[in-house]
Amino acid sequence: MRIDVITLFPELFAAHLRTSLLGRAVAAGVIEVEVHDLRAHGLGAHRSVDDTTYGGGAGMVMRPKPIFEAVEAVAEPEAHVVLLSARGARLHQRALERLASRSRLILICGRYEGVDERVALHLADEELSIGDYVLAGGELPALVVIEGVSRLLRGVLGNADSLGLESHSGGLLEYPQYTRPAVYRGWAVPEVLLSGDHGAVERWRVEEAERITRLRRPDLLE
Ligand SMILES: C[S@@+](CC[C@H](N)C(=O)[O-])C[C@H]1O[C@@H](n2cnc3c(N)ncnc32)[C@H](O)[C@@H]1O
């Protein structure tokens, strides 16, 4: 899969794209991420990318021309264009699975007071929000999408089983997990996990996943 990112701050991506799971996926060529500096398409001597809001109001809005041109410079017919936006549909695991099935994604990161509406109307295929809060820019949301999508791609996770059992993949939150030691500061690991009885462990995990989901996210059970 190839992902192109359009941003005013390309430097925010470098460390994340070279580190850990994502770094290995990039190094192995499972995912290719190209980060493009929107400023290269800015207007005039100052490479301006923003302007005041029609109708008045505080703050600056990102102009459409640099964004359209930046996207058109990398777009291919199969590319799916996502605008990161606090007004977008809320990102969830199903959306990541849908995005992971694409061969090309283009992620547009907003800044300032946001992006000229014509980008959402005539350039982006969808607007996605990573949650009901407002950040200063779309770069962290874009990294959330990149990391969430990349761990769904074949060959990225060492053990593909971990995908099947984790929170949000099967409609439940994950059951509790423990590792050594069996007793830490007097807190013991549930006995069933030490029993060696795989059937009992499986039943305990399903019950715990249901209990935790009912407690924390009853909406998921509906
Ligand atoms: C300060 S925000 C603009 C917020 C905008 N004025 C509003 O009320 O929706 C600047 C940029 O950060 C990004 N952003 C902020 N919060 C986000 C969120 N929850 N999800 C995705 N992107 C977000 C978007 O790209 C947005 O254009």
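# Close-up views of a predicted model

**View A. Tyrosine 112 is partly exposed, with 16 other C-beta atoms within 10 Å.** The structure is a predicted model, in which local features need pLDDT of at least 70 and side-chain atom pairs count only at pLDDT 80 or more, while totals for chains, interfaces and linings use all residues. Residues are numbered from 1 along each chain as its sequence is written. A residue is called buried if 20 or more other C-beta atoms lie within 10 Å of its own, exposed if 12 or fewer do, and partly exposed in between, the C-beta atoms being placed from the backbone. Tyrosine 112 belongs to the loop between strand E6 and helix H5. Helices (H or I, at least four residues) and strands (E, at least two) are DSSP runs, numbered from the N terminus. Although tyrosine 112 is not a glycine, its phi is positive, at about 55 degrees. Most residues other than glycine have a negative phi, and most peptide bonds are trans.

View B. Glutamate 113 is partly exposed, because 14 other C-beta atoms lie within 10 Å. Glycine 114, in contrast, counts as buried, because it has 20 C-beta neighbours inside 10 Å. Two residues are in contact if their C-beta atoms, placed from the backbone, lie within 7 Å. With neighbours up to four places away in sequence left aside, glutamate 113 is in contact with Thr53, Gly59, Met60 and Val61. From C-alpha to C-alpha, glutamate 113 is 7.8 Å from methionine 62, although 51 residues separate them in sequence. Glycine 114 and glycine 138 are 24 residues apart along the chain, and their C-alpha atoms are separated by 9.4 Å.

**View C. Valine 119, in helix H5, is buried, with 22 other C-beta atoms within 10 Å.** Not counting residues up to four places away in sequence, valine 119 touches Pro64, Ile67, Leu83, Ile108 and Ala124. Arginine 63 is 56 residues from valine 119 along the chain, and the C-alpha atoms of these two residues are separated by 9.0 Å.

**View D. The largest nonpolar core has 35 residues.** A nonpolar core is a set of buried Ala, Val, Leu, Ile, Met, Phe, Trp, Tyr and Cys residues joined through C-beta atoms within 7 Å. The residues with the most contacts inside this core are Ile6, Ile67, Val82, Leu107 and Ile108. At least two core residues come from each of strand E1 (2–7), helix H2 (20–27), strand E2 (32–37), helix H3 (64–74), E5, strand E6 (104–108) and helix H6 (139–150). H6 provides the largest share, 5 residues. Isoleucine 108 touches Ile6, Ile67, Val71, Val81, Val82, Leu83, Leu84, Val119, Ala124 and Gly138, not counting residues up to four places away in sequence.

**View E. Helix H6 has 12 residues.** From its first C-alpha to its last, H6 reaches 16 Å, close to the 16 Å expected at 1.5 Å a residue. The expected span of a helix is 1.5 Å times one less than its number of residues. Buried positions in H6 are Glu139, Pro141, Ala142, Leu143, Val145, Ile146, Val149 and Ser150.

**View F. The ligand is surrounded by 20 residues.** The closest are Leu84, Ala86, Gly110, Gly138 and Pro141. Strand E5 (residues 80–90) contributes the largest share of this shell, 4 residues. By class, the shell has 10 nonpolar, 7 polar and 3 charged residues. Ala, Val, Leu, Ile, Met, Phe, Trp, Tyr, Cys and Pro count as nonpolar, Asp, Glu, Lys and Arg as charged, and the others, Gly among them, as polar.

**View G. A cis peptide bond joins arginine 180 and proline 181.** The omega angle of this bond is about 5 degrees. Proline 181 is placed in the loop between helix H7 (161–165) and strand E8 (183–184). Arginine 185 is found in the loop between E8 and strand E9 (187–188). Phi of arginine 185 is positive, near 50 degrees, in a residue other than glycine. Arginine 185 is exposed, because 5 other C-beta atoms lie within 10 Å.

Terms used. Near = placed C-beta within 6 Å.
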